Amino acid sequence: MMLRRGFILFLPRLVGLLVVACCSMSIVYMLACTPKGDNQQLALPRVHSPTVKEGYEAVLQEREEQHSNYIVSLKKQIAQLKAELQGRTEQLKKMQNQYPDPLDVWLDHSNPEKAQANLLAFLRSQVDKAEVHSGVKLSTEYAAVPFESFTLQKVYQLETGLTRHPEEKPVRKDKRDELMEVIELGVGSLNKPEGVGNAKHRVYTTSDFVEGIYRTEKNKGTLYELTFKGDTKHQFKKIVLFRPFGPVMKVKNENVNMADTLINIIVPLAKRASKFRQFMQNFREMGIQQDGRIHLTVVYFGKEQMNEVKSILENTSRSANFKNFTFIQLNEEFSRGKGLDVGARFWKGNNVVLFFCDVDIYFTAEFLNSCRLNTQPGKKVFYPVLFSQYNPSIIYGHHDSIPSLEQQLIIKKETGFWRDFGFGMTCQYRSDFINIGGFDLDIKGWGGEDVHLYRKYLHSNLIVIRTPVRGLFHLWHEKQCLDELTPEQYKMCMQSKAMNEASHGQLGMLVFKQEIETHLHRQKLSSKKT
């Protein structure tokens with residue numbers, strides 16, 4: 001009972017406290033939410049001001065007028081900007097109407113429209129005359145104009161001129177500007193896809209550039225083929241540009257999906273089991289582990305060392321879980337052309353890219369993509385110019401030890417040369433190889449069969465892509481020129497052997513070794529006397 005009376009006495013106090021708290025919160029809320037003017041906070045209505053309601057209505061009306069004035073000001077500024085933009089647009093249209101295209105040059109002031117049309121027709125005819133859309137029949141292997149290849153940093157060139165460097169950072173400003181202009185035009189073309197409208201698409205930059213090839217036909221213009229990264233690992237974007245002695249013209253913008261493009265590497269072999277073991281190490285790392293879209297066909301001649309070769313192949317198959325290989329054994333004299341021809345015709349699956357390879361070749365996964373990108377059934381075959389390694393014993397003779405194979409594979413004039421006289425390593429679709437007639441099987445032994453096949457492609461309407469590639473190497477090995485070779489074959493073999501040992505400077509040091517040692521000995525004696 002006492003507790004109940006105490007609660008009744010405390011209740012009015014509690015109500016009073018709650019009323020005071022609510023009033024305090026209301027005052028704080030009004031202070032926090034009162035709108036601010038441009039330079040100062042608007043004050044609450046005072047005691048001598050009109051009533052509270054009228055005061056707040058006046059404050060709200062003032063704020064509304066300020067916002068209305070600000071909106072009117074913004075609309076005026078927007079209208080002015082629109083008018084200025086429209087004026088600039090009209091000026092640009094007038095300029096475009098006056099100069100519709102950089103190619104429209106006023107050659108004939110009396111009839112400028114006809115002159116413009118004639119010039120455009122001529123430049124477009126240059127594209128048709130050049131090997132852009134189809135190949136041109138050529139008389140000899142020397143008539144083909146090779147491509148040069150390049151990345152963002154370097155150019156890989158056949159015609160080295162006085163520099164004598166097979167790869168270099170472009171020293172001449174005009175060459176640097178030319179290649180960067182083409183790459184930027186390619187990026188711009190990718191960022192303005194045709195037929196997409198306002199749909200969102202990926203923004204490309206120069207960092208997406210993978211590699212490019214280009215060549216100049218002196219009476220037509222320069223053809224550029226640029227490869228960019230695509231949306232997935234095995235997708236690429238390819239841009240074809242042509243400079244017909246004037247501004248570059250876009251020829252093609254296409255998606256290239258190589259995810260399902262299989263390469264059948266065909267290797268003819270007789271004996272050389274140790275070299276085959278080294279080849280399979282490269283094949284396993286680059287072909288199986290990194291690329292994965294690959295088949296291996298080994299055409300083996302004779303029976304000597306055959307079991308060892310088969311054992312190497314089977315061990316790789318088990319350890320790498322690789323089943324995409326074919327082993328063909330022929331009981332006859334070794335013939336490289338016959339081995340490649342048999343391997344190509346043995347394939348029974350869908351049309352496939354054939355890479356004719358030798359056991360002393362080292363390739364990278366990047367090269368396998370180049371092989372795919374530069375072949376097209378019924379249109380293109382790829383003849384890469386590989387980098388041939390000099391004799392490591394001569395190159396690194398002054399070192400304490402010879403570096404590992406991977407460290408030796410450097411493209412420099414001291415370590416090797418572009419093997420521009422060799423046509424044995426080639427990529428083409430099987431259908432093109434069959435349609436062209438394959439190899440000349442009357443050629444036996446070493447050399448000659450590759451040149452005959454190359455000439456067949458040159459005499460066709462297929463485009464032959466001939467360019468140095470940075471991911472394909474010929475490993476040095478001692479070359480034996482057999483007595484049973486024909487005089488022409490023996491001469492070719494000896495020329496290849498001479499070029500394969502070392503550079504001119506390095507060979508000169510060997511030839512004059514005795515003279516150099518004599519000179520050093522005399523210098524030593526002379527220094528002792530003094």
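## Close-up views of a predicted model

**View 1. F355 and its neighbours.** Leaving out residues up to four places away in sequence, F355 touches I263, N264, I265, I266, F363, F367, C371, M425, T426, C427 and L472. The model shown here and in the other views is predicted.

**View 2. The largest nonpolar core.** This core has 58 residues. Which of them touch the most other members? They are I265, F276, F279, F283, F355, F363 and F367. Helix 5 gives the most to this core: seven residues. Domain 1 (132-189 + 205-257) and domain 2 (263-508) each supply at least three residues. In soluble globular proteins, nonpolar side chains tend to be buried together.

**View 3. Helix 6, end to end.** Helix 6 covers residues 306-320, which makes 15 residues. From its first C-alpha to its last, helix 6 reaches 21 Å. That is close to the 21 Å expected at 1.5 Å a residue. Just after helix 6 comes N321, with a positive phi of about 55 degrees.

View 4. Which residues of helix 6 are buried? They are M306, V309, I312, L313, T316, S317 and A320. Why do they lie on the same side of helix 6? Because they cover an arc of only 135 degrees around the axis. An α-helix has 3.6 residues a turn, so residues three or four places apart point the same way. On the other side of helix 6, N307 and R318 are exposed. The cover over the buried residues of helix 6 includes strand 8 (263-269), helix 5 (273-291), strand 9 (294-301) and strand 10 (325-330).

View 5. Helix 7 runs over residues 336-346. Its buried residues are R336, G337, G339, L340, D341, G343 and A344.

**View 6. Y142 in its loop.** Y142 lies in the loop between helix 3 (112-129) and strand 1 (148-150). Is Y142 buried or exposed? Y142 is exposed, with a relative accessible area of 72%. In sequence, Y142 and R455 are 313 residues apart. In space, Y142 and R455 are 9.8 Å apart, C-alpha to C-alpha.

How values were computed:
Residues are numbered from 1 along each chain as its sequence is written. This is a predicted model: local features need pLDDT of at least 70, side-chain atom pairs count only at pLDDT 80 or more; totals for chains, interfaces and linings use all residues. Side-chain values use heavy atoms; hydrogens and water are left out. Helices (H or I, at least four residues) and strands (E, at least two) are DSSP runs, numbered from the N terminus. The expected span of a helix is 1.5 Å times one less than its number of residues. Buried means under 20% relative accessible area, exposed over 50%, partly exposed in between (1.4 Å probe, protein chains only). The arc is that of the directions from the helix axis to the C-beta atoms. Contact means heavy atoms within 4.5 Å. A nonpolar core is a set of buried Ala, Val, Leu, Ile, Met, Phe, Trp, Tyr and Cys residues joined through side-chain atoms within 4.5 Å. Domain bounds come from an automatic or database domain assignment.
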